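Take a moment to look over the chain from one end to the other before reading on. The paragraphs below go through some of its charged pairs, then a pair of helices, and then a part of the surface.

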Amino acid sequence: MGDSSFLDRMLLQLRSTCKYYSGYPKDLGPSKVIHFTSEREFVQLLHQGYPVVVAFTIRSNYTQHLDQMLEEAAAEFYPNIKFMRVECPKYPGFCITRQKSEYPFIEIFHSPQQAGNEGKVQDPNVTRYSVKVVPYNYDMSPYGFREFFKRQGVRTSDPK
């Protein structure tokens with residue numbers, strides 16, 4: 001009887017301290033993943049100055065796993081990096097502009113800057129911006145996102 005209680009204590013300790021133990025459901029609190037509703041909201045999110053990880057998805061068995069990984073990564077990197085999920089069947093216009101044919105895929109948008117006029121006469125009420133877009137092709141896990149951000153030079157925490 002003493003052995004089983006020791007084992008239980010050991011497993012509880014492992015679950016509470018090991019960051020990458022994935023065999024037990026984690027309590028992540030309320031969802032930090034933003035669901036896409038409009039391009040205007042997306043632009044406002046970019047103007048907050050944080051990198052935005054956007055997952056372009058369709059409903060399938062694989063996207064359930066992807067959703068779980070996005071939740072974990074969003075909880076880990078909140079509030080310095082925002083995570084957004086776009087359901088492409090609901091918002092086909094936004095997804096088609098990305099010119100991809102295979103779903104799901106992830107892209108990271110960061111560093112919005114006001115774009116110069118390209119020689120065209122345009123409406124003075126419209127401000128154009130350029131945004132760096134980087135395709136994500138690493139492991140779908142918080143660890144994969146951390147390594148990707150490190151290689152891309154994206155700051156994942158506040159300076160101390």
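**Charged pairs, crossing helices and a surface patch**

In this predicted model, the side chains of arginine 85 and aspartate 67 meet in a salt bridge, with 2.7 Å from N to O. Arginine 85 belongs to strand E3 (residues 82-87) while aspartate 67 belongs to helix H3, so this pair ties together parts that lie 18 residues apart in sequence. If you look for the two residues in the structure, you will find that both arginine 85 and aspartate 67 are buried.

Which other residue forms a salt bridge with arginine 85? The partner is glutamate 87, and the closest N and O atoms of arginine 85 and glutamate 87 are 3.0 Å apart. Glutamate 87 is buried, as arginine 85 is.

Another salt bridge brings together the side chains of glutamate 107 and arginine 98, again given from N to O, at 2.7 Å. Is glutamate 107 buried or exposed? Its relative accessible area is 5%, and because residues under 20% count as buried, glutamate 107 is buried. Arginine 98, in contrast, has a relative accessible area of 22% and is therefore partly exposed.

The axes of helix H3 (residues 61-77) and helix H5 (residues 142-152) come within 8 Å and cross at roughly 55°. On the side of H3, the contact is made by Met69, Leu70, Glu72, Ala73, Glu76 and Phe77, and on the side of H5 by Pro142, Phe145, Arg146 and Phe149.

The last stop is on the surface, where Phe6, Leu7 and Met10 form a nonpolar patch, with about 300 Å² of accessible area together. Phenylalanine 6, one of the residues in this patch, has its place in helix H1 (residues 2-17). With a relative accessible area of 49%, phenylalanine 6 is partly exposed, because the word exposed is kept for residues over 50%.

Key. Residues numbered from 1 in each chain as written. Predicted model: local features only at pLDDT ≥ 70, side-chain atom pairs only at ≥ 80, totals over all residues. Heavy atoms only, no water. Patch = residues over 30% accessible without salt bridge, like charges linked within 9 Å, V, L, I, M, F, W, Y side chains within 5 Å. Areas by Shrake-Rupley, 256 points an atom, 1.4 Å probe, with all protein chains shown as cover. Salt bridge = Lys/Arg side-chain N within 4 Å of Asp/Glu carboxyl O. Helix = DSSP H or I, 4+ residues; strand = E, 2+ residues; numbered from the N terminus. Buried < 20%, exposed > 50% of the residue type's maximum accessible area, 1.4 Å probe, protein only. Axes fitted to C-alpha atoms, helices over the stretch in contact; angles between N-to-C directions. Contact = heavy atoms within 4.5 Å.
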